[in-house]
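Reader: I'd like a quick walk through this model before I set anything up. Can we go through it piece by piece?

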Amino acid sequence: MTESTPNDTNDTKPKECIEVRKIRETYPDAILEVNEFRGDTRITINKEYVHDVIRLMRDDQELDFNFFSECLGVDYLNTQEGGYALGKDHRFEVVYNLYSLPDKRTGRGRNRRIFIKAAIPEDDCSVTSVTDIYPGANFPEREIYDMFGITFTGHPDLRRILMSDDWIGHPQRKDYPLGGERVQFPDGKFGPSVGEGVVQHPGESFFGKTASVIEKN
Amino acid sequence: MALNSDQLNTPSLNAEGIQIDPIEDTKMVINMGPHHPSTHGVLRIVLELDGEVIIKATPHMGFVHTGIEKEGEYQTYLKAVTLTDRMDYVSASLNNMAYTMAVEKLLGVEPPPRGQYLRVIMCELQRIASHMVWLGTHALDIGAMTMFFFTFRDREKLLDLTEMMSGVRMMPSWIVPGGLRGDAPEGYVERVKKVIDELPRRFDEYEILIDQNPIWRERTQGIGMITPEECYSLGVSGPTLRGSGVPHDLRKAVPYSSYDQFKFEIPVGEYGDVYDRYRVRMAEMRQSREIVKQALENLPDGPINVDDRKIVPPPREELDHSMEAVIHHFKIWTEGIHPPVGEAYVPIEGPKGELGFYLVSNGSSYPWRMHERPPSFMNLQALSKMCEGRLIADVVAIIGSIDIILGEIDR
């Protein structure tokens, strides 16, 4: 009789979900981290494998993630203490939200949602576009480019989408100030670029948010 | 001036001596919007035309971008609820609901049954109101003006119910993490009953107006077709997806907030054209009414909020005699709530499609990242596909049938 009961092994090593297993089989060194929280699985992968893994997610018959829900960017720069927040060793993450949509007509789909996170370092802000796999990634990727300055190689039309075309800086980066921009018109001179006129604020008072940038300009 | 076939087939020189291809140059680019009344807000569409046939439609947005996602990172979880109202401003309660459920998922709590039922009532009434705005404006775009007055008259009755509950017509912020800001006032249930009893007659009225109208059918049938497979890869959801024949509704697929206790059907279309999407939404209004009716009949008694003073502030009466209640009250309104470190995404079935909030928490009372999955934004990607090979007049019908709200697209 062995020392460890089956229960013990289950506790120390939780059973891997099918998505993780499939990725490990096909791309052994793609996965950096697997995180389970409140029933959702989040798989952090090396950004070199984004295109391959997303394609695997769609094409594998067992996984069958047919519905592209969205993708979004997250900036982990810790502006107050330096370094990156939440123990990350990379500044940005692009989260791909894929859904296996249960289609009653064809009987396909597992009604399962998965989050694939691409770890993107600050000095190499680019990742392969997945627009050729899911055309629906077009607008969200443009939004991430606009808001975080992450470029998507292979994107058919990578332009700003929400900010004006001549805007300077990427507003959702953590080091971009909230408020205080002077309105910028055709020549594009007046938007504050990242690093210039940056103000730290707790978000509590209106003056705390805007004052120093206005003074500087 | 008519060109002969020789002139058409050989490249010629223009005034500046640049060689032009007469065939290629029949293309024309037209700018539609941003202040076009049929673009439902400030949306600009660049149309590439060959004669009157559309080759490509490129939407340009961002004219009403207000940085709500950025602002959300600087507000506590409780304060950010008010920001979500301003995204899709014709269905504010549903935005509150999606955001609130994401926060509750981070916290790992769920409100008691009465809270859930009241949320369902608010959301479904708001969904009917949202569909009424869509129907009125969509019909107005196509030329049926009376519909606009009919739907806005009836929508006002539904907004009155929201006002009765929350004190505000359009931006209630009444659904908050932990439950609702307050219970239904006296007489609310009776009044909702009265309003929804009248609704089927109104729906019939709408259908009599346009359903069998030959002009309406001519303008909508076979226009703006999209297949389910295209919808999947483009991330198109909601009535636009159901119009293509896919019976998918998140209220059924991933039941939340007691939706599994109500009986309702998922209306689907057949061909995925403008007419089918119109039919789906009309049927959805009736289904929403059914849900409200069932929720009112079975409305449970009891508390509406989570019993946790770290999430929900104590009731006013307790502040008079309990020191502990005063401390909780003070802490919750100065510091806010502290969800554990983690990430949560909760999708709900919004009036436009899959409406979800993605929250990243670092353990403080401010979200590290707040992101909305805007259904209109994703659905708009189908516009070019739907418009290809159609005429300019069809663009107006197609935009109306996707049901976009620019406040949500631009955020």
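**Chain A, then chain B**

Author: Starting in chain A: just after helix α4(A), A:Gly149 takes a positive phi of about 75°. Helices (H or I, at least four residues) and strands (E, at least two) are DSSP runs, numbered from the N terminus.

Reader: What should I know about the model itself?

Author: This is a predicted model, in which local features need pLDDT of at least 70, side-chain atom pairs count only at pLDDT 80 or more, and totals for chains, interfaces and linings use all residues. Residues are numbered from 1 along each chain as its sequence is written, while chains are lettered from A and ligands numbered from 1 in the order in which they are written.

Reader: Back to α4(A). How many of its residues are buried?

Author: 10 of the 11 residues in α4(A), which spans 138–148, are buried. Buried means 20 or more other C-beta atoms within 10 Å of the residue's own; 12 or fewer is exposed, in between is partly exposed, and C-beta atoms are placed from the backbone. Among the buried ones are A:Phe139, A:Ile144, A:Tyr145 and A:Phe148. Charged names are there too, including A:Glu141 and A:Asp146.

Reader: What do they pack against?

Author: β3 (67–75), β4 (92–100) and β7 (151–153) of chain A, together with α15 (375–379) of chain B. Contact here means C-beta atoms, placed from the backbone, within 7 Å.

Reader: How many residues of each chain are in contact?

Author: 32 residues of chain A are in contact with 38 of chain B. On the chain A side, β2 (40–46), β3 and α4 each give two or more residues. β3(A) gives the most, with six.

Reader: And by class?

Author: The chain A side has 17 nonpolar, eight polar and seven charged residues. Ala, Val, Leu, Ile, Met, Phe, Trp, Tyr, Cys and Pro count as nonpolar, Asp, Glu, Lys and Arg as charged, and the others, Gly among them, as polar.

Reader: Give me the overall layout of chain A.

Author: Five helices and seven strands. From the N terminus on, they run α-α-β-β-α-β-β-β-β-α-β-α. Of the 217 residues, 35% count as buried. Of the contacts in chain A with a separation of 6 or more, 52% are between residues 24 or more positions apart.

Reader: Switching to chain B. How do α5(B) and α12(B) pack?

Author: α5(B) covers residues 113–142 and α12(B) covers 274–297. They pack at about 155°, with axes 9 Å apart. That makes α5(B) roughly antiparallel to α12(B). Axes are lines fitted to C-alpha atoms, for helices over the stretch in contact, and angles run from 0 to 180 degrees between N-to-C directions. Under 35 degrees is roughly parallel, over 145 roughly antiparallel, 65 to 115 roughly perpendicular, and the rest oblique.

Reader: Which residues make that contact?

Author: From α5(B), they include B:Tyr117, B:Ile121, B:Ile128 and B:Trp134. From α12(B), they include B:Met285, B:Arg289 and B:Val292. The contact has 12 nonpolar, two polar and five charged residues.

Reader: What about α7(B) against α12(B)?

Author: α7(B), residues 188–210, packs on α12(B) at about 160°, with axes 10 Å apart. The two are therefore roughly antiparallel to each other. Contact residues include B:Val192, B:Ile196 and B:Phe203 of α7(B), and B:Met285, B:Arg289 and B:Val292 of α12(B). By class, nine are nonpolar, none polar and five charged.

Reader: Where does B:Pro300 lie?

Author: In the loop between α12 and α13 (316–319) of chain B. B:Pro300 has 13 C-beta neighbours inside 10 Å, so it counts as partly exposed. Leaving aside neighbours within four places in sequence, B:Pro300 is in contact with B:Pro113, B:Arg114 and B:Tyr117. B:Asp197 is 103 residues away in sequence and 21 Å away in space, C-alpha to C-alpha.

Reader: Last topic, the sheet. What is the strand order?

Author: β3-β4-β5 of chain B, an open sheet of three strands with antiparallel pairing. β3 and β5 stand at the edges, each with a single partner strand, so one side of each has no neighbour in the sheet. The twist averages 20° from one strand to the next. Strands pair if DSSP finds at least two bridges between them.

Reader: How many bridges join β3(B) to β4(B)?

Author: Six. B:Val29 stands opposite B:Glu48 there. β4(B) and β5(B) pair over seven bridges, and B:Arg44 has B:His60 as its bridge partner.

Reader: What sits between β4(B) and β5(B)?

Author: Two residues, in a hairpin; B:Gly51 in the turn has a positive phi of about 70°.

Methods
Two residues are in contact if their C-beta atoms, placed from the backbone, lie within 7 Å.
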